[in-house]
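Colleague: I am new to this structure. Please show it to me, and then let us talk through its parts.

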Amino acid sequence: MNSVTSSPRISIIGLGKLGSPMAAVMAAKGFDVIGLDLNDKLVSAINQGKAPVDEPQLQEYIDKGRSRLRATHSWDEVVQQSDVTFIIVPTPSGNDKLFSNKFMIAAIRSIGEALRSKRDRHVVVVTSTVMPGSTGGELRKELEEASGRTVGPQLGLAYNPEFIALGTVVRDMLRPDFILIGESDTATGEFLENIYKKSCDNEPIIRRMSFVNAELTKISVNTYVTTKISYANMLAEMCDKLPGADVDVVSTAVGSDTRVGSKYIKGAIGYGGPCFPRDNKAFAALGRMIGVRCDLAEATDKINDHQIERLIGAVQAHAEPPTRVAVLGLSYKPETPVVEESQGVALADRLSAAGYVVTVYDPLAMPGAEVVLTDKVLFANDLADAVSADIIVITTPWPHFKGKSLFEAGAKPKVIIDPWRVISADDVPEGTKLARMGYGAR
């Protein structure tokens with residue numbers, strides 16, 4: 001294996017929303033990177049120097065590392081021509097809410113088989129989120145059986161998940177709060193630590209530990225964050241009903257206490273996306289499986305599920321069907337096209353089923369929303385087309401929806417429902433009511 005000082009060669013299995021940014025960042029930081037994906041389009045895009053997915057800064061970093069970045073379909077090639085392999089494949093939730101390792105196992109078997117013809121030491125890194133007990137259990141077993149090696153001097157194994165958010169993946173990889181490494185041995189942990197010391201722009205805290213501790217840490221962080229979000233939303237609903245209350249004032253003050261902290265304590269709408277909802281459910285499912293009470297995680301889910309009812313109630317308080325309602329924001333957060341567990345999509349679907357005439361708009365997420373919502377709603381051509389409705393609901397705080405931009409086309413809706421409180425009363429046309437959720441009636 002190449003020494004750390006001469007930059008180990010990196011391979012990445014899975015070139016989707018996380019894998020392609022990781023490949024681009026590592027290549028831009030001076031590592032030779034080869035990616036593998038079963039999707040021809042993703043492989044072709046990387047080899048053409050094009051971003052395979054929509055993600056801020058991704059194209060910039062692909063351009064920076066272009067000479068050191070390529071992709072292939074060959075398992076032998078990625079293993080033989082790299083020193084470390086990061087596996088970033090889906091680990092979907094099953095009916096029991098636990099994560100499935102079926103795609104991870106398939107990848108590990110292919111890597112192991114390719115390792116049989118390699119003489120040098122190789123490090124295999126599980127980057128996808130897995131349930132506690134997976135890396136040191138069935139994943140290690142599959143790797144050892146497929147490779148004919150035992151994890152040790154000639155084969156390193158690690159669990160090394162990323163803490164990133166879609167829309168800021170590149171930034172989060174460059175400046176992580178901390179690096180989490182579950183290691184099979186000290187040499188493997190040091191090897192990965194030195195990679196991150198070169199790839200990060202900051203000097204993050206690096207936590208190295210056993211597999212099971214790292215696996216539990218990963219889902220614990222996300223579960224704690226969802227608890228903060230649900231607490232903030234509970235606080236926002238209290239402020240809805242208390243005359244003169246303002247959740248932004250209260251949550252800012254609460255977050256000033258270092259025991260609480262200001263991140264993720266803004267009351268608005270429910271959390272969504274591919275990680276938070278499923279991680280919280282998996283944490284609770286793990287507790288039930290091993291006989292541990294996880295009431296807090298279950299309560300977090302209940303409060304989050306309630307947020308869509310709160311939104312629907314806000315619409316119903318102002319108008320009955322078949323009033324025209326525009327839902328602005330279909331991605332689960334700004335700067336991403338992802339609509340998984342999106343509150344905007346869920347709201348549009350529910351309002352349509354209740355008989356409202358629903359128009360939807362999002363700067364990036366229209367294609368994904370069309371797959372889910374089909375012909376249940378009207379898809380606006382642009383923002384001006386969307387805001388001709390009687391009621392507007394802002395479900396994603398895109399910059400496009402702030403300030404006076406909503407009214408530049410001359411639209412004068414009867415009501416604007418603003419759970420994110422991104423609209424100033426000074427910008428609202430005369431005759432339009434601004435309903436700022438989390439802001440008690442004045």
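**Strands, cores and loops**

Modeller: Thr85 has Val124, in β5, as its bridge partner. This is a predicted model, in which local features need pLDDT of at least 70 and side-chain atom pairs count only at pLDDT 80 or more, while totals for chains, interfaces and linings use all residues. Residues are numbered from 1 along each chain as its sequence is written, and side-chain values use heavy atoms, with hydrogens and water left out.

Colleague: How many bridges join β4 to β5?

Modeller: There are 4 bridges between β4 and β5, and the two strands run parallel. Two strands pair if DSSP finds at least two bridges between them. Strands (E, at least two residues) and helices (H or I, at least four) are DSSP runs, numbered from the N terminus.

Colleague: How many residues of β5 are buried?

Modeller: In β5 (residues 122-126), 5 of its 5 residues are buried. Buried means under 20% relative accessible area, exposed over 50%, and partly exposed in between (1.4 Å probe, protein chains only). Both faces of β5 are covered, with His122, Val124 and Val126 on one side and Val123 and Val125 on the other.

Colleague: And Ser82, where is that found?

Modeller: Ser82 is in the loop between α4 (75-80) and β4 (84-87). Because its relative accessibility is 0%, Ser82 counts as buried. Neighbours within four places in sequence aside, Ser82 is in contact with Arg9, Ile10, Ser11, Lys118 and His122; contact means heavy atoms within 4.5 Å.

Colleague: Let us change topic. Which strands form the open sheet, and in what order?

Modeller: The open sheet has 6 strands in the order β11-β10-β9-β12-β13-β14, with parallel pairing. Its edge strands, β11 (378-379) and β14 (433-435), each pair on one side only. Strands β9 (residues 324-328) and β12 (residues 391-394) are joined by 4 bridges and run parallel. Ala326 stands opposite Ile392 in β12. Helix α13 (residues 343-353) packs on the sheet and touches β9, β10 (357-361) and β12, its direction making about 165° with that of β9.

Colleague: Which residues touch the most other members in the largest nonpolar core?

Modeller: They are Leu328, Leu406 and Ile417, in a core of 51 residues. Helix α12 (residues 295-316) gives the most to this core, with 5 residues. Apart from it lies another core, of 40 residues, including Met22, Leu42, Leu58 and Val125. A nonpolar core is a set of buried Ala, Val, Leu, Ile, Met, Phe, Trp, Tyr and Cys residues joined through side-chain atoms within 4.5 Å.

Colleague: What does Leu328 contact, leaving aside its neighbours within four places in sequence?

Modeller: Its contacts include Tyr361, Leu383, Val387, Ile394, Phe401 and Leu406.

Colleague: At what angle do α1 and α8 pack?

Modeller: Helices α1 (residues 19-28) and α8 (residues 186-199) pack at about 75°, with their axes 9 Å apart. Therefore α1 is roughly perpendicular to α8, a label for angles of 65 to 115 degrees, with under 35 counted as roughly parallel, over 145 as roughly antiparallel and the rest as oblique. Axes are lines fitted to C-alpha atoms, for helices over the stretch in contact, and angles run from 0 to 180 degrees between N-to-C directions.

Colleague: Which residues of α1 and α8 meet there?

Modeller: Met22, Val25 and Met26 in α1 meet Ile195, Tyr196 and Ser199 in α8. The residues of this contact are 5 nonpolar, 1 polar and no charged. Here Ala, Val, Leu, Ile, Met, Phe, Trp, Tyr, Cys and Pro count as nonpolar, Asp, Glu, Lys and Arg as charged, and the others, Gly among them, as polar.

Colleague: Is Leu69 buried or exposed?

Modeller: Leu69 counts as buried because its relative accessibility is 8%. It lies in strand β3 (residues 69-72), and among the residues that Leu69 touches are Ala23, Val33 and Ile62.

Colleague: Last topic: where is the cis peptide bond?

Modeller: It joins Pro321 and Pro322, with omega about 5°. Pro322 is in the loop between α12 and β9.

Colleague: What is the phi of Lys97?

Modeller: Lys97 has a positive phi of about 75°, although it is not a glycine. Lys97 lies in the loop between β4 and α5 (102-115). Tyr264 also has a positive phi, about 60°, and lies in the loop between α10 (247-255) and α11 (276-290). Most residues other than glycine have a negative phi, and most peptide bonds are trans.
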